[in-house]
Amino acid sequence: MSGHVGDLNPKQSAALDKLKEKVADITDQLEESDDYFFLRWLRARNFDVEKAEKLLRDHLVSRKTWRMDELLAWEPPTVLQKYLTGRFHGHTREGHPIFWERTGRLDLKGIVRSATQEDIVRCRVKDGLRMLEKFKSQTEKLGRRIDTCVIIYDLEGLSIQKHFIPKGVKAIIEMVKVFEENFPEILEMVYIVNVPGVFDLAYNIVKPFLNDVTRKKVVPISGAPQVCHERLRELIEPSELPACYGGTFVPEDGDVSCDSLLVSSALVPRAMYMSAKVPVDEDSETLTVARRSSAQLEIAVTKPNCKLWWGFASEQYDIAYSVLFKPEQQAGVKQHAAQMEEIVPSKRVDSHQNFEEGSTTCAKMGVYVVRFDNTYSWTKSKVVHYLTRLEVASDEQEEAELGAAAASACADDAS
């Protein structure tokens, strides 16, 4: 049995019922709650209910971390819009949306020098969300369920010198991990074209982060260009297949190479590289987080539904941060992170390269804590310049600026 709706054996049906029962407490927080949705998570874990449940619960945390509910409206930095490869175009003969990724032509070194890893990964998370939207429109258009896509990777130009750089590899691995954790079983197939000699080396880097089900869907198409084009024509109607891959589709600008359609990334201009020093607001406060330690900013919220905003930059090195909550009675009392309620999960950010900011709606009154975590660093203290602001939910929408008096910083031990 395939493990899809309408094609389940008794064991798979029982697993579906058990999973829905085990996650009943979070069903109202999930983006979907039908059998199609739950079966995706089960297939990704070979119908191991415990593992599927963990994957789903981890997904909820990840949704909050990446602010997925807001991500479709997010505009990526200009450098990523212009130079990060990867575009949607066309459908397979069966109606599956296609995502084209010309990785071999990507200026990875320029990308990682011009944007934060978080924004690079966020772009791919947004692509995943856009894919889910395309599934819905295709399902309505065709009158049958479409919930998988095809990805075609063109690796022409892939080289050790251009693409095997530590920071770039780290970003790619993070993209793969986040995608696997949040968009399980949305792949119909993954085809690799223009396979280079370094393909095995590249694939072995990301392979450990792919589950067994995904690995079986990766198909390199080797051989002469004619062989590759013929395989793609079997998959895609020639009228939707770009001319450069053996089809007849040519964009309106007449470019048969389809560079404008699929993005053949040029080199990122050095003028777009991030400065090693992030500009800091003259009104910001400064604190130093010792090595193997952390620091906390306490913001007292006395009215419900206020909006808390924070922004910060660090000098020379990255740092992790989270946002936590504790009752008013605990104000000024040092507590371990595990003793407080998590509002924004901890994440490590390149705040030495880009100003990091975020916000959250304070649903309840009490003390909100912005926690800077440097416990992972054995040798480096971190200097952090920060700002916080509380937008009070009142008729006048007063804005309360929080400086050193309202946002108290206190160092705490490695917790």
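# Salt bridges and a strand

Me: E156 has a relative accessible area of 42%. Is E156 buried, partly exposed or exposed?
Reply: This model is predicted. Buried means under 20%, and exposed means over 50%. The 42% of E156 falls in between, so the class is partly exposed.

Me: Which residue forms a salt bridge with E156?
Reply: Side chains of opposite charge can pair when their charged atoms come close. For E156, the closest N and O atoms of the pair are 3.1 Å apart. The partner is R105.

Me: How many residues apart in sequence are the parts that R105 and E156 tie together?
Reply: R105 forms a salt bridge with E156. R105 lies in the loop between β2 and α6, while E156 lies in the loop between β3 and α8, so the pair ties together parts whose separation in sequence is 51 residues.

Me: R102 forms a salt bridge with D259. How many residues apart are they?
Reply: The closest N and O atoms are 3.1 Å apart. Yet the pair links distant parts of the chain: R102 sits in the loop between β2 and α6, D259 in helix α13. Their separation is 157 residues.

Me: Is R102 buried or exposed?
Reply: The relative accessible area of R102 is 1%. The cut-off for buried is under 20%, so R102 counts as buried.

Me: Which residues make up the uncovered face of strand β11?
Reply: In a regular strand the side chains alternate between the two faces of the sheet. In β11, the covered face holds E356, G358, T360 and C362. The uncovered face has E357, S359 and T361.

Me: Which residue in β11 is the bridge partner of L308?
Reply: Strands β8 and β11 pair in the antiparallel sense over seven bridges. For L308, the bridge partner in β11 is T360.

How values were computed:
Residues are numbered from 1 along each chain as its sequence is written. This is a predicted model: local features need pLDDT of at least 70, side-chain atom pairs count only at pLDDT 80 or more; totals for chains, interfaces and linings use all residues. Side-chain values use heavy atoms; hydrogens and water are left out. Buried means under 20% relative accessible area, exposed over 50%, partly exposed in between (1.4 Å probe, protein chains only). Helices (H or I, at least four residues) and strands (E, at least two) are DSSP runs, numbered from the N terminus. Two strands pair if DSSP finds at least two bridges between them. A salt bridge is a side-chain nitrogen of Lys or Arg within 4 Å of a carboxyl oxygen of Asp or Glu.
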